[in-house]
Amino acid sequence: MIKHIDISDSELRSKIRRKDILLGGNRKLKIYGTLSCTSGKRMKRENRIFFSSENEAIENAYRPCGHCMKEQYSKWKNGII
């Protein structure tokens, strides 16, 4: 888990290109989603965090985004995850 405020923009872009970062999240709301999610793009930089995998997000007690990860969100909501 990497906080957006702890990483430079160039380092962030590099990690995304290398696929070290696959998902983004909101640390206050405990939600994770895709990097292209419109909801995620609107959040404040100090609340944004990044994950290398979905398992990492789940291990840190984050839930899937209802906008960009509808299938995973449905499973989470129904208690499957």
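Throughout these legends, a residue is called buried under 20% relative accessible area, exposed over 50% and partly exposed in between, computed with a 1.4 Å probe on protein chains only. The model is predicted, so local features need pLDDT of at least 70 and side-chain atom pairs count only at pLDDT 80 or more, while totals for chains, interfaces and linings use all residues. Residues are numbered from 1 along each chain as its sequence is written, and side-chain values use heavy atoms, with hydrogens and water left out.

**Figure 1. The salt bridge between D9 and R45.** A salt bridge is taken as a side-chain nitrogen of Lys or Arg within 4 Å of a carboxyl oxygen of Asp or Glu. The side chains of D9 and R45 meet in this way, at 3.2 Å from N to O. Because D9 belongs to helix α1 and R45 to the loop between α2 and β4, the pair ties together parts that are 36 residues apart in sequence. Helices (H or I, at least four residues) and strands (E, at least two) are DSSP runs, numbered from the N terminus. R45 is partly exposed, with a relative accessible area of 34%, and D9 is also partly exposed, at 37%.

Figure 2. H4 lies in the loop between β1 (2-3) and α1 (9-17). Its relative accessible area is 7%, so H4 is buried. Contact here means heavy atoms within 4.5 Å. Leaving aside residues up to four places away in sequence, H4 touches D9, L12, R45, R48, I49 and F50. Both members of the salt bridge between D9 and R45 are among these contacts of H4.

**Figure 3. The other salt bridges.** The search of the whole structure finds three salt bridges. In one of them, the side chains of D20 and R18 meet at 2.8 Å from N to O. D20 is partly exposed, with a relative accessible area of 34%. Another joins the side chains of E71 and K75 at 3.7 Å from N to O. E71 and K75 both lie in helix α4 (residues 70-77), four residues apart, which is about one turn of the helix. E71 is exposed, at 56% relative accessible area, whereas K75 is partly exposed, at 36%.

**Figure 4. Strand order in the sheet.** Two strands are treated as paired if DSSP finds at least two bridges between them. Five strands form an open sheet in the order β1-β4-β2-β3-β5, and the pairing is mixed. β1 and β5 stand at the edges with a single partner strand each, so one side of each is left without a neighbour in the sheet.

**Figure 5. Strand β4 and its partners.** Four bridges join β4 to β2, and these strands run antiparallel. G24 stands opposite F50 in β4, while K3 stands opposite I49 in β4. From β4, R48 and F50 point one way and I49 and F51 the other way, and all are buried.

**Figure 6. The largest pocket.** On a 1 Å grid over the protein atoms alone, a pocket is an open set of points with protein on both sides within 12 Å along at least five of seven lines, where a 1.4 Å probe fits; lining residues have an atom within 4 Å of a point. About 320 Å³ of space lies in the largest pocket, the volume being the space filled by probe spheres set on the points, which are joined across faces, edges and corners. The elements that give two or more residues to the lining are β2 (23-26), β3 (31-34), α2 (38-41) and β4 (48-51). β3 supplies the largest share, four residues. The lining has 21 residues, of which C37, S39, G40, K41 and M43 lie nearest the centre of the pocket. Nine lining residues are nonpolar, ten polar and two charged; Ala, Val, Leu, Ile, Met, Phe, Trp, Tyr, Cys and Pro count as nonpolar, Asp, Glu, Lys and Arg as charged, and the others, Gly among them, as polar.

Figure 7. K19 has a positive phi of about 65° although it is not a glycine. K19 lies in the loop between α1 and β2 and is exposed, at 60% relative accessibility. A61, likewise not a glycine, has a positive phi of about 65°. A61 lies in the loop between α3 (54-59) and β5 (63-64) and is exposed, with a relative accessible area of 53%.
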